[in-house]
Amino acid sequence: MLTRKQYELLNFINERLESTGVSPSFDEMKDALNLKSKSGIHRLITGLEERGFIRRLPHRARALEVTRLPENMGGQARGNIVRPDFKGSAAPVGESATLPLLGRIAAGTPIEALRDSSADVGVPASLVGSGNHYALTVEGDSMIDAGIFDGDTVLIKSCDSAENGAIVVALIDDSEVTLKRLRRKGASIALEAANPAYETRIFGPDRVKVQGRLVGLIRSY
């Protein structure tokens with residue numbers, strides 16, 4: 001049996017996972033439930049975890065998985081494990097998934113033009129969750145401080161929106177595609193590199209389209 005606040009929080013987390021694939025922050029949870037402090041959210045999450053409705057992953061900030069739902073909320077979890085930038089599914093270890101490898105993420109080419117139906121990449125199923133995903137080969141060093149290096153294969157979940165601070169595939173002016181961290185600043189959108197050698201680029205909201213969100217990475221040595 002859940003308390004009313006536990007039920008409200010579980011529903012809020014699950015709906016956010018369904019709509020964005022990203023867990024709400026503690027501040028967002030606090031505001032949604034009209035609580036005065038985040039300590040109340042911590043207690044509610046602990047209660048949900050003890051009752052088996054959610055699971056927290058160790059060593060990951062804001063890593064939540066909705067494991068089940070009450071019968072009057074559908075009875076089955078619809079969300080997946082979520083992290084600020086990387087997300088996996090609860091797929092059994094050993095399973096694999098095949099994603100289309102769309103090419104290199106390089107300036108000047110819209111993502112649609114990169115598709116090569118003959119190129120695929122096999123990845124552990126635990127690196128991807130529900131929804132459509134694709135892979136890209138990184139070209140350049142603009143995201144090295146985020147642990148993304150030239151030649152890495154990034155796994156992208158297709159979406160047209162992402163939370164502030166997420167690393168996204170952004171299409172600029174329908175002609176240039178880039179992998180950058182998304183920041184919203186008032187009516188503007190900032191695309192931040194993770195390398196001090198590159199400047200943050202600021203655009204009007206009508207100039208940038210999110211085409212996917214980073215959920216995983218594969219590196220060959």
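The structure is a predicted model, in which local features need pLDDT of at least 70, side-chain atom pairs count only at pLDDT 80 or more, and totals for chains, interfaces and linings use all residues. Residues are numbered from 1 along each chain as its sequence is written, and side-chain values use heavy atoms, with hydrogens and water left out.

The protein contains three helices and eleven strands. Helices (H or I, at least four residues) and strands (E, at least two) are DSSP runs, numbered from the N terminus. Along the sequence the elements follow the pattern α-α-α-β-β-β-β-β-β-β-β-β-β-β. Of the 221 residues, 46% are buried; buried stands for under 20% relative accessible area, exposed for over 50%, and partly exposed for values in between (1.4 Å probe, protein chains only). Among contacts (heavy atoms within 4.5 Å) with a separation of 6 or more, 58% involve residues 24 or more positions apart.

Helix α1 (4-20) has 17 residues and spans 24 Å from its first C-alpha to its last, close to the 24 Å expected at 1.5 Å a residue. The expected span is 1.5 Å times one less than the number of residues in the helix. The buried residues of α1 are Gln6, Leu9, Leu10, Phe12, Ile13, Asn14 and Leu17. They pack against α2 (26-32), α3, β1 (54-56) and β2. After α1 comes Gly21, with a positive phi near 75°.

The largest nonpolar core comprises 17 residues, and Leu9, Leu10, Ile13, Met29, Ile41, Leu48 and Val66 have the most contacts inside it. A nonpolar core is a set of buried Ala, Val, Leu, Ile, Met, Phe, Trp, Tyr and Cys residues joined through side-chain atoms within 4.5 Å. Two or more residues of this largest core come from each of α1, α3 (38-50) and β2 (64-66). The greatest contribution to this core is that of α1, with five residues. Leaving aside residues up to four places away in sequence, Met29 touches Leu9, Phe12, Ile13, Ser23, Pro24, Ile41, Ile45 and Leu64. A second, separate core has 16 residues, including Ile105, Leu136, Ile167 and Leu179.

In the loop between β2 and β3 lies Thr67, which counts as partly exposed because its relative accessibility is 35%. Thr67 is 15 residues from Gly52 in sequence, with a C-alpha to C-alpha distance of 7.0 Å. A polar atom of the Thr67 side chain lies 2.6 Å from the backbone oxygen of Gly52.

Nine strands form an open sheet of mixed pairing, in the order β4-β3-β5-β6-β11-β7-β8-β9-β10. Two strands are taken to pair if DSSP finds at least two bridges between them.

Strands β3 (residues 96-105) and β5 (residues 133-138) are parallel and share three bridges, with Ile105 paired to Val138 of β5. Strand β5 is joined to β6 by five antiparallel bridges, and Tyr134 has Ile156 of β6 as its bridge partner. Strand β6 (residues 153-157) is largely enclosed by the rest of the structure, because five of its five residues are buried. Thr153, Leu155 and Lys157 cover one side of β6, and Val154 and Ile156 the other. Strand β6 also runs antiparallel to β11 (residues 208-218), through five bridges; here Leu155 stands opposite Gly216.

Strand β7 (residues 167-172) is antiparallel to β8, with six bridges between them, and Ile172 stands opposite Glu176 of β8. Their hairpin has three residues between the strands, and Asp173 takes a positive phi near 55°. In strand β8 (residues 176-185), seven of the ten residues are buried. Five antiparallel bridges connect β8 to β9 (residues 188-192), where Arg184 is partnered by Ile189. The hairpin of β8 and β9 has two residues between the strands, and Gly186 in the turn has a positive phi of about 65°.

Technical notes
A polar contact is a pair of N or O atoms within 3.5 Å; within protein, one must be able to donate a hydrogen and the other to accept it, and residues adjacent in sequence count only if both atoms are side-chain atoms.
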